[in-house]
Amino acid sequence: MAEAAPMQFELYDISKTYEDNYQNGPFFAGDMPTRPATKQMQKVFDFEVNSRLGVPAGPLLNSHWCDVYAQLGFDLPVYKTVRSVERACHPAPNCIFLNAENQFSHQDINTQMKPGVRPSLDEKITITNSFGVPSLSPEVWMKDIEAGNKKMGSGQLMPVSVNGTPGLAERDLVEDYGYVSAMAKEAGAKIIEVNYSCPNLGGSKEGALFSDPENSALVSKKIRESIGDTPLMIKLGWMPAEQLEKVIAANRPYVDGFAAINTIPRKIVNDQGGSALPGEGRLQSGTCGFAIGELAEEVTSNLINLRSKWKDDFVICSVGGMMTAQDLHRRLEMGADMVMSATAAMWDPYLAQRFHEYK
């Protein structure tokens with residue numbers, strides 16, 4: 001099936017608040033696709049699934065969001081990152097279009113750029129997003145995860161993303177990562193993904209773990225002790241191949257898989273040079289979509305090379321910059337075990353349909 005012309009859908013309405021999207025989204029009034037019959041089940045960890053396509057932690061705010069995307073054909077919808085304590089979202093707007101005609105390079109990381117407009121081709125969408133890893137209370141999200149698992153169709157699976165919270169009186173950061181991971185398992189999470197790489201946390205400890213071999217491994221060890229044999233993935237950001245090897249080697253004793261990449265940090269400035277996003281501490285935010293594709297593919301390739309070099313079998317979840325069905329299949333053909341699209345899936349509800357029909 002050929003790539004269809006752009007459709008004016010926006011399942012996450014960036015003109016609305018996070019709270020409005022949580023309560024009333026996804027804003028989708030189209031027809032649910034009829035997917036082709038599954039010819040062969042795929043293996044993800046020890047689970048049999050219809051396909052290795054998902055949506056990463058970020059756009060799927062609760063079990064209803066996960067359910068809608070599962071119905072759209074994304075067989076691995078990841079429940080948005082939760083914490084052990086309630087945390088408010090950054091003020092709206094939380095997403096802004098960027099003018100990004102070219103792919104970002106590693107030299108662009110942390111540099112300035114200005115907001116733009118929605119491109120004429122949806123497959124060229126690049127945005128910045130800045131939520132600050134909000135979370136409702138565990139009493140709410142634990143019940144919702146239980147409900148979400150029941151909504152999944154046959155051959156579908158809902159991983160859960162978690163994040164530790166620094167500065168708590170009752171637990172230090174390492175302990176809190178273990179604590180929230182154990183709560184996610186208790187709620188019914190069959191796969192736990194831990195966010196070590198959110199760029200929207202102002203350089204705080206929980207957003208910088210991904211490139212720190214020693215401290216990330218301490219956290220991973222604590223989580224492993226807390227969740228037993230539940231499959232564990234950690235979410236990484238872009239880093240050079242040499243640093244990536246150190247991080248993977250340090251974490252591999254405790255971790256079953258690696259998801260990469262998270263968003264790329266950039267400083268999004270207005271015409272006066274100030275933050276384009278309202279509120280304090282938001283000059284730097286994560287960028288995602290079309291323009292991070294080459295950086296994401298680079299890390300996927302490096303992970304595949306490490307796995308081959310070590311004759312290992314850790315799971316690789318490729319994320320970042322995949323805007324079309326062809327993009328998604330290319331990463332699988334490279335050797336990724338799973339592929340996940342966030343930005344494209346936010347504006348294109350029929351991406352999964354084209355993925356399943358792709359030849």
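**Salt bridges, a helix pair and a buried residue**

Author: Start inside one helix. Asp327 and Arg330 are 3 residues apart in helix H8, so about one helical turn separates them. Their side chains meet in a salt bridge, with 3.4 Å from N to O. Keep in mind that this is a predicted model.

Reader: Are Asp327 and Arg330 buried or partly exposed?

Author: The cut-off for buried is under 20% relative accessible area. Asp327 has 15%, so Asp327 is buried. Arg330 has 33% and therefore counts as partly exposed. Salt bridges with shared partners join Glu297, Asp327, Arg330 and Arg331 into one network.

Reader: How many salt bridges does the structure hold?

Author: The structure holds 18 salt bridges. One of them links Asp13 and Lys16, whose closest N and O atoms are 3.9 Å apart. Asp13 is buried because its relative accessibility is 13%, while Lys16, at 27%, counts as partly exposed.

Reader: Which parts of the chain does the pair Arg252 and Asp312 tie together?

Author: In this salt bridge the N to O distance is 2.8 Å. Arg252 lies in the loop between H6 and E12, and Asp312 in the loop between H7 and strand E15 (315-319), so the pair ties together parts that are 60 residues apart in sequence. Arg252 has a relative accessible area of 21% and is partly exposed. Asp312 is also partly exposed, at 24%.

Reader: How do I describe two packed helices?

Author: Two values are used: the angle between the axes and the distance between the axes. For helix H7 (residues 293-310) and helix H8 (residues 325-334), the axes come within 10 Å and cross at roughly 20 degrees. Angles under 35 degrees count as roughly parallel, and H7 and H8 are therefore roughly parallel to each other. Their crossing is right-handed.

Reader: Which residues meet where H7 and H8 touch?

Author: From H7 come Gly293, Ala296, Glu297, Thr300, Ser301 and Ile304; from H8 come Arg330, Arg331 and Met334. The residues of this contact divide into 3 nonpolar, 3 polar and 3 charged.

Reader: Where is Val255 found, and what does Val255 touch?

Author: Val255 is in the loop between helix H6 (241-251) and strand E12 (257-260). With a relative accessibility of 0%, Val255 counts as buried. Leaving out residues up to four places away in sequence, Val255 touches Ser220, Leu232, Met233 and Ile234. For Ile109, 146 residues away along the chain, the C-alpha atom is separated from that of Val255 by 27 Å.

Definitions and conventions:
Residues are numbered from 1 along each chain as its sequence is written. This is a predicted model: local features need pLDDT of at least 70, side-chain atom pairs count only at pLDDT 80 or more; totals for chains, interfaces and linings use all residues. Side-chain values use heavy atoms; hydrogens and water are left out. Helices (H or I, at least four residues) and strands (E, at least two) are DSSP runs, numbered from the N terminus. Buried means under 20% relative accessible area, exposed over 50%, partly exposed in between (1.4 Å probe, protein chains only). Contact means heavy atoms within 4.5 Å. Axes are lines fitted to C-alpha atoms, for helices over the stretch in contact, and angles run from 0 to 180 degrees between N-to-C directions. Angles under 35 degrees count as roughly parallel, over 145 as roughly antiparallel, 65 to 115 as roughly perpendicular and the rest as oblique. A crossing is left-handed if the near helix is turned anticlockwise from the far one by less than a right angle, and right-handed if clockwise. Ala, Val, Leu, Ile, Met, Phe, Trp, Tyr, Cys and Pro count as nonpolar, Asp, Glu, Lys and Arg as charged, and the others, Gly among them, as polar. A salt bridge is a side-chain nitrogen of Lys or Arg within 4 Å of a carboxyl oxygen of Asp or Glu.
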